[in-house]
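This briefing covers charged side-chain pairs and nonpolar packing in the structure shown below.

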Amino acid sequence: MSKKNHYVVWVGRTTGVFDNWADTQAQISGFSGALFKGFTTLDEATAAFDAGYANAISTPSKLSTASKVKGKPASLVGIPTHECITVDGAFSGSSKKMEYQCVMNLSREIIFRSKPFVGGSNNIAEFLALIGAIRYRESIKRPDLDIYSDSKTALAWVRDKQLNTTIDINTLDPVIQGRISSALQYIQTNPQPQNLKKWDTASWGEIPADFGRK
């Protein structure tokens with residue numbers, strides 16, 4: 001097997017071509033969704049970087065990623081390579097705190113991030129993040145932007161225009177109660193939002209909006 005002397009980072013802290021593993025690792029280690037690959041020659045690496053990872057790799061499953069699931073490299077087939085919106089929610093079983101955020105897929109720009117609230121659930125956080133992302137997309141007049149969530153439940157709640165939870169909403173922080181009420185009113189009085197998609201965590205690694213606490 002030929003020795004890899006050059007590395008391409010398509011998605012990481014800094015992207016580009018690197019001539020040693022230490023510098024490459026610094027760009028991808030702990031970076032959710034990082035995409036990289038080693039090459040034998042500088043010409044190969046440069047051409048691959050210029051082509052973009054979707055075009056540079058003929059067999060996507062051979063592309064290296066910083067995320068691994070059950071010890072197997074994540075497959076990149078179908079992973080969004082365009083700029084889009086990603087959302088995630090988090091709930092700590094120990095602190096009982098809930099929060100959520102919205103992050104762009106490629107630029108990693110944080111569009112919004114809630115403060116931690118006591119009470120709730122991961123699904124409620126994901127739902128509020130989705131509604132926030134839909135409203136953000138509307139505010140910038142970009143209905144074409146895909147929105148990705150890794151929560152089937154939250155996506156179903158938006159589709160069905162109701163929360164199917166056993167949690168008593170009236171026991172939650174008043175701010176969260178207000179946001180849930182506003183979110184439900186929004187989806188129940190507006191057309192079904194389009195371009196909402198499921199992030200395939202098992203294949204693609206953690207969603208860019210992930211809080212990185214797993």
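Four salt bridges are present in the structure, which is a predicted model.

**Salt bridges**

- R142 and D144 meet through their side chains in a salt bridge, with an N to O distance of 2.8 Å. R142 is partly exposed at a relative accessible area of 35%, and D144 is likewise partly exposed at 47%.
- D146 and K197 form a salt bridge of 3.2 Å, N to O. D146 lies in the loop between α4 (122-139) and β11 (147-149), whereas K197 belongs to strand β12 (residues 196-198), so this pair ties together parts that are 51 residues apart in sequence.
- K197 is partly exposed, with a relative accessible area of 33%.
- R159 pairs with D160 in a salt bridge whose closest N and O atoms are 3.4 Å apart. D160 counts as partly exposed, at 42% relative accessibility.

**Nonpolar cores**

- The largest nonpolar core contains 31 residues, of which I85, V87, I124, F127, L128, I131 and I180 touch the most other members.
- At least two residues of this core come from each of β7 (85-91), β8 (97-104), α4, α5 (152-160) and α6 (174-188). Helix α4 gives the most, with nine residues.
- A second, separate core is made up of 20 residues, including V8, W10, F39 and I79.

- Leaving aside residues up to four places away in sequence, V87 touches Q101, C102, E126, A129, L130, A133, I147, Y148, S149, I207 and A209.
- A125 is located in helix α4 and is buried, with a relative accessible area of 0%.
- With residues up to four places away in sequence again set aside, A125 touches G89, A90, M98, E99 and Y100.
- How far apart are A125 and V87 in sequence and in space? They are separated by 38 residues in sequence and by 9.6 Å in space, C-alpha to C-alpha.

Terms used: Residues numbered from 1 in each chain as written. Predicted model: local features only at pLDDT ≥ 70, side-chain atom pairs only at ≥ 80, totals over all residues. Heavy atoms only, no water. Buried < 20%, exposed > 50% of the residue type's maximum accessible area, 1.4 Å probe, protein only. Helix = DSSP H or I, 4+ residues; strand = E, 2+ residues; numbered from the N terminus. Contact = heavy atoms within 4.5 Å. Core = buried A, V, L, I, M, F, W, Y, C linked by side-chain atoms within 4.5 Å.
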